[in-house]
Amino acid sequence: MKIIALTMLGNENGIIESFIRYNFNFIDKLLIVSTCCIDNTLIIVRKLINEGFNIELIEEPEIAFDQRYLDNKYIKRIARKEKEDSFILMLDADEFLSGENNPRKILEGLSLDCAYAVKWKNYAMCENDDQNEMFIPRRLRNIKRNFPGNLIEKVFFPSKLVLSKNIVVETGHHEICGENLKVVPLNTLWLAHFPSISKEQYLLRIYESSIKYITWRKRAFDEGFHIYHQIAEVESGKDIFSIANGYGLSGDTVIAVEEDPLNLSWCTPDSIEIRYPELATINVFSGVRKIGQLMAIKAYNLEIDIEADKSKQTILIYGTGKSAEKLLNGIPENLVNIRAYIDSNSEKCFRMFKRRLVITPDYIRFFKYDKIIITSRIHYDEMLGALLSFGVERDKISSAAYLFDLI
């Protein structure tokens, strides 16, 4: 059996390395889809890919936030691509697979003719947590015993049922529907859920989510209510730990905590070694500022789309100096759709040049384009290297000669 996990990824630099190293004790492949990630998360993911982890990273730059759409788009992709005996786990970055026995062996023993519902086992963030412990599963020590969220279920299913049963997964992976689909409760397996790893990460998560959810037009009335409820409690001055552990679901219930550490005996020694702690720093102000900038970029792109000539190619131009000026003077104004300009100087980021936004290379992934044109001959190799280091495909990079060929 091949076990494939699908994860929708936001800004998770504080937990992503632990999530990947831990869960790869049980899974064979991880498909990561990112829409709004602007911290160090993707840098860590790419380092893990270079280590040899079987991770496929996909970015959806044009979508601000629509989890239901993306979940169902990519479970269908997995179902079409993978073999009949594969199993799909839908995991969030704060979820760690666990069970009565080795989770891998439990999954391998399941029938492939039905879907399964497993429960959350929710862990509390406590003031005495060791914040110097970078392997997050070691911090999962205190169970929230009377938490209503312990009754919440998440769904897993064989990939062959996605198409044969026309499976549709609801937001949060809590419900599933399909034609004559049987869903079996599975009590030998669960998800250790640890959404709050520190006060800083907790505050950043709820404020980021509140911004992203505004753009989620297809959201139902009650989707995201727990986020806005928590923000209201934080801003009323209540204790951060009690709010975080209530998760917006507990109401006035006082959460009872009991020590019950996550079983790490299934982990290989090298899977509990964190190698990139310097990339896991969390700054609330910086994170909220960046997610706000990202939403503004998405609004900018929507406005540029209205102006664009759909019959012409969409271009990003690398350079805002004399070489760029000379290039633009030599081509017709309506030859292509210039969406934005790129400049490595961070002080120029978000300025306007020729009525278009200037961005640094780390923002390229939030723009759609057919080509990136490097304007400088002298610094061509340096600029090419910068683009490649940010994941730009080589065949989408050209010199100014490309535009003159279009003429």
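**Cavities and their linings**

Tutor: The structure holds two cavities of 30 Å³ or more. On a 1 Å grid over the protein atoms alone, a cavity is a set of points where a 1.4 Å probe fits but cannot get out, and its lining residues have an atom within 4 Å of a point. Grid points are joined across faces, edges and corners, and a volume is the space filled by probe spheres set on the points. This is a predicted model, in which local features need pLDDT of at least 70 and side-chain atom pairs count only at pLDDT 80 or more, while totals for chains, interfaces and linings use all residues. Residues are numbered from 1 along each chain as its sequence is written, and side-chain values use heavy atoms, leaving out hydrogens and water.

Student: What is the volume of the largest cavity?
Tutor: Its volume is about 50 Å³. Among the residues lining the largest cavity are Asn-13, Met-134 and Tyr-276.

Student: And how much space lies in the second largest cavity?
Tutor: About 40 Å³. Its lining includes Lys-29, Glu-56 and Arg-77.

Student: Which element gives the most to that lining?
Tutor: Helix α3, with three residues, gives the most to the lining of the second largest cavity. Helices are DSSP runs of H or I with at least four residues, numbered from the N terminus.

Student: Changing topic, is Ile-16 buried or exposed?
Tutor: Ile-16 is buried, with a relative accessible area of 0%; buried means under 20% and exposed over 50%, with partly exposed in between (1.4 Å probe, protein chains only). Ile-16 lies in helix α1, residues 16-23.

Note on methods
Helices (H or I, at least four residues) and strands (E, at least two) are DSSP runs, numbered from the N terminus. On a 1 Å grid over the protein atoms alone, a cavity is a set of points where a 1.4 Å probe fits but cannot get out, and a pocket is an open set with protein on both sides within 12 Å along at least five of seven lines; lining residues have an atom within 4 Å of a point.
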